[in-house]
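I set out to record what I looked up in this structure, entry by entry.

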Amino acid sequence: MGNIILTGDRPTGNLHLGHYIGSLKNRLKLQNEGHYDEMYVMIADAQALTDNFDNPKKIRDYVKEVAIDYLSVGIDPNKVNIFIQSEVSELTELTFYYMNLVTVSRLQRNPTVKNEIKQKDFDASIPTGFLCYPISQSADITAFKANVIPVGDDQLPMIEQANEIVRTFNRIYGETLVECKAILPEKEIQRRLPGLDGNNKMSKSLGNCIYLCDDSEAVKTKVMSMYTDPNHIKIEDPGKVEGNMVFTYLDAFSSDDQIKKYSEFNSLEEMKNKYSIGGLGDVYIKKVLYNVLEEILTPIREKRRYYEEHPEEVLNILKNGTNKAKEKASNTLREVKKAIMIDYFN
Ligand code: ATP
Ligand code: MG
């Protein structure tokens with residue numbers, strides 16, 4: 001069997017640098033190297049509604065935005081089916097049958113869900129749909145028989161859940177579904193990029209982001225206000241590199257060639273050493289980071305402008321992708337129903 005790739009994002013905001021480094025970059029690599037048979041990218045509006053059910057307008061508006069983010073980054077609609085989750089109703093049907101295979105306590109143990117429940121203050125009353133979103137995500141993955149999932153590390157518990165469902169399903173109903181594996185970025189720091197606040201992961205819901213659609217001014221302002229070392233007051237003071245967000249981001253995004261291009265140093269290590277012993281100011285290191293980020297963001301912004309001016313093209317891309325996705329998911333649903341013996345009229 002070849003590679004079937006699936007990933008997705010929740011339309012709860014524009015995509016940010018965490019998405020870029022955690023997942024989009026790997027998607028582009030897979031797309032461009034061509035080592036796949038089918039590739040799907042899903043805009044997870046139904047999942048986004050599980051914790052935004054009272055704000056449907058926001059989710060609707062961001063579906064278009066996320067689609068434009070994908071296209072601006074270089075996701076190629078001739079190679080990749082970009083689709084809208086809620087339009088593929090087979091996914092909801094699969095979710096319903098998979099619910100029988102997962103206990104409530106198993107869902108409550110999911111570390112990512114646990115963390116999100118705390119963040120969203122759902123402790124006292126968790127919406128059932130939210131608690132069950134890992135099951136719906138398992139439906140998304142298995143509907144496409146996807147075996148390769150490029151994600152950040154917050155998604156590992158979801159992959160584990162999906163594979164558990166696959167094993168349970170196949171054991172009870174016979175070999176039908178396919179297990180998958182996560183593709184994580186190379187460096188640890190890229191797997192869970194912290195937000196500008198340095199506390200949580202960069203996340204749309206927390207607003208601690210540099211967005212792929214931010215203009216140069218916004219990026220500059222955000223970089224200049226980044227957390228460094230509060231005890232590094234004068235340029236001559238020795239500074240801390242550990243926990244210094246500017247160095248954390250340089251670790252995630254820069255190459256030594258870029259460090260050479262934008263600073264007087266030959267490598268990031270050299271620049272860190274200088275900062276540690278004293279003699280390097282915060283504004284200096286922030287300017288380097290700003291230039292590195294702008295190198296990534298400038299071409300994305302340019303492409304974005306085109307798609308913003310051609311909304312009908314974006315809508316058509318979504319329509320085509322969704323039709324392809326629906327076709328594939330309905331084949332899997334047919335097999336699933338046959339396996340569960342609920343295929344009465346065939
Ligand atoms: P929300 O706050 O609504 O959950 P989010 O910012 O967490 O939004 P998602 O749509 O949930 O974004 O995540 C989509 C993909 O991007 C997932 O594969 C996830 O692992 C990856 N991702 C999100 N944030 C980061 C991050 N800070 N670092 C690395 N990868 C990330
Ligand atoms: Mg998330």
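Entry: I looked up Y284 and found it partly exposed, at 27% relative accessible area. I used the cut-offs of under 20% relative accessible area for buried, over 50% for exposed and partly exposed in between, with a 1.4 Å probe and protein chains only. F265 has 8% relative accessibility and therefore counts as buried.

I then listed the aromatic pairs, taking rings of Phe, Tyr and Trp (its six-membered ring) with centres within 6.5 Å; planes under 30 degrees apart are stacked, over 60 edge-to-face and the rest tilted. The count by this rule is twelve aromatic pairs. F265 and Y284 make one that is edge-to-face, with 6.3 Å from centre to centre and 85° between the planes. F265 sits in the loop between α13 (256-262) and α14 (268-277) and Y284 in helix α15 (residues 282-309), so this pair ties together parts 19 residues apart in sequence.

**Entry: basis of the values.** I note that the model is predicted, that local features need pLDDT of at least 70 and side-chain atom pairs pLDDT 80 or more, while totals for chains, interfaces and linings use all residues. Residues are numbered from 1 along each chain as its sequence is written, chains are lettered from A and ligands numbered from 1 in the order written, and side-chain values use heavy atoms, without hydrogens and water.

Entry: I placed K328 in helix α16 (residues 311-339). K328 has a relative accessible area of 18% and is buried. With neighbours within four places in sequence left aside, K328 is in contact (heavy atoms within 4.5 Å) with I4, E38, Y40, A143, F144 and K145. I also found Y40, F83 and F144 in one aromatic cluster.

**Entry: the whole chain.** I counted 16 helices and five strands, as DSSP runs numbered from the N terminus (helices H or I, at least four residues; strands E, at least two). Along the principal axes, the C-alpha atoms fill a box of roughly 80 × 45 × 40 Å. Of the 346 residues, 55% are buried. Among contacts with a separation of 6 or more, 76% join residues 24 or more positions apart.
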